[in-house]
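Dear colleague,

Please find the structure below, together with its sequence. My notes on it follow.

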Amino acid sequence: MNPNDRSYTREHEWIVIEDADARRALVGITHFAQDQLGDIVYFELPKVGDSVSHLGKMGEVESVKAVSDLYSPVSGEVIEVNAALADRPELTNEDPFGEGWLIRVTMSDASELDTLLSAEEYTAYVAEQH
Amino acid sequence: MDSVNLRTPLYDTHVALGGRMVPFGGWDMPVQYPSGIIAEVRAVRTGAGLFDVSHMGRVYISGPSATAFLDTVLTGSAATLEVGRARYCMICNERGGVIDDTIFYRLQPDSDGNDRYLLIPNAGNRHRVLDWFGLVIGQRFGDRGHPHPSPPPEGEGIKGLGVTIDDQTMQSSLLACQGPAALGMARGLAEDGLDGLRPFAWTNARMCSADVLVGRTGYTGEDGVEILAPASAAPAIWTALTAAGAVPCGLGARDVLRTEAGLPLHGHELDEATTPVEAQLERFVDFSKDFIGRDALAEQRANGAKLTLVGLRMPGRSAPRATYALSVLGFPAGQVTSGCYSPTLDTSLGMGYVFPEYSRPGTVLEMDKRGLVEEITVTALPHYRRPRTARARRRG
């Protein structure tokens with residue numbers, strides 16, 4: 001269920017490399033995260049040009065019930081924010097690994113990826129936590 | 001991991017339906033089902049939703065002094081409540097602070113001709129309420145020499161001279177079927193149809209071969225019923241109502257619905273340091289009788305409360321949340337007590353306490369949303385009022 005093409009944080013974000021040479025990557029939250037949140041109603045995301053840091057807070061997500069922090073899997077610069085989420089945050093409930101992505105970044109240090117979990121490790125991590 | 005929380009007779013039903021179980025008030029309760037909170041809220045506003053509210057208490061009060069006792073501990077009058085009717089009111093401490101808010105039903109007199117009532121405390125306050133009742137009975141109803149253990153052992157009850165308190169929470173269940181279609185569904189299930197059941201009235205009925213009590217009460221801002229049934233009958237009644245089209249709803253939807261309807265929740269809008277006057281609940285306080293807390297409330301009513309409960313509203317979907325600070329030009333103005341995104345009104349809304357000078361609808365306040373200051377507007381309560389039917393309008 002957690003795609004093998006990407007890496008995961010223990011805070012339930014994912015990152016997938018789109019262009020290794022350009023160090024360009026896409027970031028989102030996992031199926032498990034959206035399921036735990038329930039109906040998502042609002043994202044507070046960084047803006048284009050903002051810096052994000054490895055496992056640093058990059059924004060917030062509000063569901064009907066609660067507010068949760070979002071963490072960036074890597075350090076870098078935000079080059080795009082998923083504009084569709086402003087009107088349809090539920091896209092992340094419906095398609096967390098696809099249409100419901102959050103931000104596109106240029107990574108400043110690709111070695112940070114080594115600190116993240118593989119799909120297999122993340123799946124085991126979730127099973128162990130819950 | 002074994003849970004230390006209590007489980008209602010419908011626990012297995014919730015798990016089978018995919019309900020996400022969370023701890024609440026000492027119980028494991030479904031916060032939502034797989035369709036999600038927004039869909040559940042819509043079901044209640046447009047059709048019918050079904051809630052397990054068995055976590056709330058069922059406390060029977062009877063005896064020759066039952067009415068006098070309730071008129072001592074409740075802000076609302078027991079003496080003027082007719083058999084067959086229910087009333088919402090508060091249980092206050094000496095300072096007028098709210099120990100709990102409750103609905104109580106006047107039942108048929110018992111076989112000795114003594115008055116008999118059913119009182120529904122909040123889940124998390126049941127033991128506190130029983131403890132308080134035991135204390136008051138010990139001090140004022142002639143049982144001084146036998147102070148009661150607090151809380152009394154499950155099922156043993158409290159006996160004073162003329163007052164008997166019997167906690168039947170664990171032997172029974174309580175279901176709430178709420179929404180414009182709810183009464184019709186309950187009628188369809190009741191053997192005698194529930195004819196003539198008015199708002200805030202109750203009747204005995206039979207459903208799924210069980211004796212039940214049906215009250216036309218609820219906590220969602222919609223019409224509907226609450227069904228008190230033996231624990232063993234709860235799964236059959238639940239299944240029959242869902243088969244009739246009622247959508248299973250969890251605590252998440254219940255919280256959104258009651259917030260939209262401006263209904264207070266103990267622990268948020270109400271607590272032992274907050275009074276019904278501050279909470280804008282004076283219409284549920286009968287100042288013509290003597291009850292614990294009356295003097296404090298009368299003083300506050302005469303001299304003005306320091307805080308007042310208001311509605312809060314802001315555009316968009318990012319919600320005000322409990323504990324967010326409110327200010328005006330940087331000076332403290334109050335605090336948010338509840339809030340959510342409202343699927344019904346498609347805006348963010350909530351409730352909070354403010355100093356009286358900021359309570360006028362239209363007043364714009366600053367709200368500290370986790371370090372981000374946003375504007376939020378004071379509104380009248382409730383945010384949502386159900387469309388009234390022609391028949392209800394005629395009746396007034």
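How many residues of chain A are in contact with chain B? The contact involves 8 residues of chain A and 13 residues of chain B, two residues being in contact if their C-beta atoms, placed from the backbone, lie within 7 Å. On the chain A side there are 4 nonpolar, 1 polar and 3 charged residues; Ala, Val, Leu, Ile, Met, Phe, Trp, Tyr, Cys and Pro count as nonpolar, Asp, Glu, Lys and Arg as charged, and the others, Gly among them, as polar.

This is a predicted model, in which local features need pLDDT of at least 70 and side-chain atom pairs count only at pLDDT 80 or more, while totals for chains, interfaces and linings use all residues. Residues are numbered from 1 along each chain as its sequence is written, and chains are lettered from A and ligands numbered from 1 in the order in which they are written.

Most residues other than glycine have a negative phi, and most peptide bonds are trans. The peptide bond from B:L381 to B:P382, however, is cis, with omega near 0 degrees. B:D346, which is not a glycine, has a positive phi of about 45 degrees, and B:C208 likewise has a positive phi, near 50 degrees.

Yours sincerely
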